[in-house]
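Subject: Structure handover

Hello,

Here is the structure I promised you. Please open it alongside this note; what I found follows below.

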Amino acid sequence: MLDHVSIVVTDLTKSAAFYDAVMAPLGVPCVWRLAMAIGYGTRNSPHDDGHSYLTIRSTGDLSGLRDAPGRHWCFRAPSRAAVDAFHAAGLAAAGHCEGPPGVRPAYHESYYAAFISDPDGNRLEAVCHRRPTP
């Protein structure tokens, strides 16, 4: 449904370290870096027109967004271990825990997710919908 998403941050250097850390366990590579933005995603389609699926863009000022707690981006994880690694990497890279890894049965019995916020307060989630492997 979505083609691409942009997340705004105040400090691109600090945010680059954070997003490099949390995207790696999900298997999402950094595909380009510019002075004011970084792009993550896969670019292997013959019809790719040069954009990435996720852009982290520096604005320098998020004062108007600090009071928007509904900001939320969820990333699909290939496994429950990747969800765990996403959460651990986010905490190690100056993120904040918004919900530890675990099953969220209110969504469905296999919904395994973790929630973190980046240094600017953007709320992120990684989810794996697969049942656990024996």
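Helices (H or I, at least four residues) and strands (E, at least two) are taken as DSSP runs and numbered from the N terminus. On that basis the chain has two helices and eight strands. Their order from the N terminus is β-α-β-β-β-β-α-β-β-β. Bear in mind that the model is predicted.

First, the whole chain. It has 134 residues, and 40% of them count as buried. The accessible surface is about 7400 Å², with 57% belonging to carbon and sulfur atoms. Of the contacts between residues at least 6 apart in sequence, 54% join residues at least 24 apart.

Next, β7. Six of its six residues are buried. Tyr112, Ala114 and Ile116 point one way, while Ala113, Phe115 and Ser117 point the other way. β7 pairs with β6 (residues 96-103) in the antiparallel sense, over five bridges. β7 also pairs with β8, again antiparallel, over six bridges. Take Ile116: Cys97 stands opposite this residue, and Leu124 is its bridge partner in β8.

Now the hairpin of β7 and β8. Five residues sit between the strands, and Gly121 takes a positive phi near 90 degrees. Asn122 lies in the loop between β7 (112-117) and β8 (123-128). Is Asn122 buried or exposed? Asn122 counts as buried, because its relative accessibility is 1% and the cut-off is under 20%. The Asn122 side chain reaches the backbone oxygen of Val8 at 3.1 Å. Beyond its neighbours within four places in sequence, Asn122 is in contact with residues including Ile7, Val9, Tyr19, Arg71 and Trp73.

Best wishes

Terms used. Residues are numbered from 1 along each chain as its sequence is written. This is a predicted model: local features need pLDDT of at least 70, side-chain atom pairs count only at pLDDT 80 or more; totals for chains, interfaces and linings use all residues. Side-chain values use heavy atoms; hydrogens and water are left out. Buried means under 20% relative accessible area, exposed over 50%, partly exposed in between (1.4 Å probe, protein chains only). A polar contact is a pair of N or O atoms within 3.5 Å; within protein, one must be able to donate a hydrogen and the other to accept it, and residues adjacent in sequence count only if both atoms are side-chain atoms. Contact means heavy atoms within 4.5 Å. Accessible areas come from the Shrake-Rupley method with a 1.4 Å probe; for residues, only the protein chains shown count as cover. Two strands pair if DSSP finds at least two bridges between them.
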